[in-house]
Amino acid sequence: MKQLSEITVGFIGFGNMAGAIAKGLIRQGTLRPDQICACAKNWDKLCANTEKAGMLPRKDAAEVAFASDVVFVAVKPYLVREVLEPIRELLPGKILVSVAAGCLFDWYEEFLAPGTHHISTIPNTPVCVGEGMFVCEQKHSLTQPEFLLVEQLLSSIGLVRLVDAKQFSVAGTVSGCGPAFASMFLEALGDAGVKHGLPRALAYELAAQMVVGTGKLMLETGQHPGAMKDAVCSPGGTTIVGVAALERKGFRSAVIDAVDEIENR
């Protein structure tokens with residue numbers, strides 16, 4: 001099995017998520033730009049998004065498959081089969097990594113060529129700064145050395161966790177949709193700071209670093225989030241007043257409802 005410094009990685013589709021993964025891999029020094037190639041429907045836009053970073057644009061999915069050891073499928077879910085079926089015979093011998101939401105192992109098995117080694121994942125956008133999340137379906141067809149290579153690749157830009165197919169959707173919702181919810185919270189907290197006199201840039205900076213630090217504290221200490229909240233809420237203090245206001249407005253219920261809406265859509 002090749003080392004990371006020796007592999008080539010290709011993206012079939014180069015939208016926001018594929019771009020975030022590629023940017024993260026380069027930013028973290030995991031891969032050199034010339035180890036990454038990509039194809040996309042809009043050639044001019046693809047060239048603009050790849051060549052300036054030193055990555056290699058390819059004309060189509062077949063060129064990406066020929067050139068790559070690891071192939072990321074990064075098109076919209078409804079396009080996956082249409083894009084992969086014409087190149088299905090080129091994929092055995094490659095490692096196929098799906099980042100198409102909701103496309104699970106058993107579905108891929110219906111149309112990929114026998115012997116294709118593949119795994120389904122759901123990443124999130126913070127992979128571009130090396131602080132992302134990859135939820136991976138537990139059922140896959142990678143060999144152990146192949147899985148270790150993929151894990152090494154992905155873990156350089158985020159946490160990698162395996163989940164059962166039954167948990168894949170909700171795990172992807174929490175980590176994949178969560179950045180939008182967190183961004184709304186950051187924006188609201190920043191607006192509140194501005195309302196009370198803070199410059200907007202400073203208000204957003206304070207809110208963003210607070211979220212980064214709180215998340216890191218929980219991951220490194222293993223503390224329950226309720227215990228972390230309690231540690232900030234002094235008896236008769238200021239924080240508990242704000243917590244009570246959020247409870248009255250149904251803050252936690254609103255977050256749970258948002259996940260329910262996504263899972264029940």
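This is a predicted model: local features need pLDDT of at least 70, side-chain atom pairs count only at pLDDT 80 or more; totals for chains, interfaces and linings use all residues.
**The chain as a whole**

Let us start with the overall picture. The chain contains 11 helices and 8 strands. Along the principal axes, its C-alpha atoms fill a box of roughly 65 × 40 × 35 Å. The chain has 265 residues, and 37% of them count as buried. Contacts between residues 24 or more positions apart make up 62% of those with a separation of 6 or more.

The strands form an open sheet of 8 strands in the order E3-E2-E1-E4-E5-E6-E7-E8, and the pairing is mixed. At the edges sit strand E3 (56–57) and strand E8 (158–163), each of which pairs on one side only. As a reminder, strands of a sheet pair through backbone hydrogen bonds, either parallel or antiparallel.

It is handy to set some of the pairings side by side, with one bridge from each:

| Strand pair | Sense | Bridges | A bridge in the pair |
|---|---|---|---|
| E2 and E3 | parallel | 2 bridges | Cys37 with Leu56 |
| E1 and E2 | parallel | 4 bridges | Phe11 with Ala38 |
| E6 and E7 | antiparallel | 3 bridges | Thr121 with Cys136 |
| E7 and E8 | parallel | 6 bridges | Phe134 with Val160 |

Helix H7 (residues 165–195) touches strand E6 (117–123), strand E7 (132–137) and E8. The direction of H7 makes about 170 degrees with that of E7.

**Buried residues in and around the sheet**

Thr121 lies in strand E6. Is Thr121 buried or exposed? Thr121 has a relative accessible area of 0%, so it counts as buried. Setting aside residues up to four places away in sequence, Thr121 touches Val97, Ser98, Val99, Ala100, Phe134, Val135, Cys136, Leu154 and Phe168. Among these contacts is Cys136, the bridge partner of Thr121 in E7.

Val70 belongs to strand E4 (residues 70–73). Val70 counts as buried because its relative accessibility is 1%, under the 20% cut-off. Beyond neighbours within four places in sequence, Val70 is in contact with Ile7, Thr8, Val9, Gly10, Ile95, Val97 and Leu153. Val70 and Pro92 are 22 residues apart in sequence, with 11 Å between their C-alpha atoms.

Ile21 sits in helix H1 (residues 16–27). With a relative accessible area of 0%, Ile21 is buried. Which residues does Ile21 touch, not counting residues up to four places away in sequence? They are Phe11, Phe72, Val99, Pro123, Val127, Phe134 and Ile157. One of them, Phe11, has Ala38 as its bridge partner in E2, and another, Phe134, is bridged to Val160 in E8. Ile21 and Asn124 are 103 residues apart in sequence, yet their C-alpha atoms are 8.9 Å apart in space.

**A partly exposed residue**

Met210 gives us a contrasting case, and its place is in helix H8 (residues 200–221). Met210 is partly exposed because its relative accessible area is 34%, which falls between the 20% and 50% cut-offs. Leaving out neighbours within four places in sequence, Met210 is in contact with Phe185 and Leu189.

Conventions
Residues are numbered from 1 along each chain as its sequence is written. Side-chain values use heavy atoms; hydrogens and water are left out. Buried means under 20% relative accessible area, exposed over 50%, partly exposed in between (1.4 Å probe, protein chains only). Contact means heavy atoms within 4.5 Å. Two strands pair if DSSP finds at least two bridges between them. Axes are lines fitted to C-alpha atoms, for helices over the stretch in contact, and angles run from 0 to 180 degrees between N-to-C directions.
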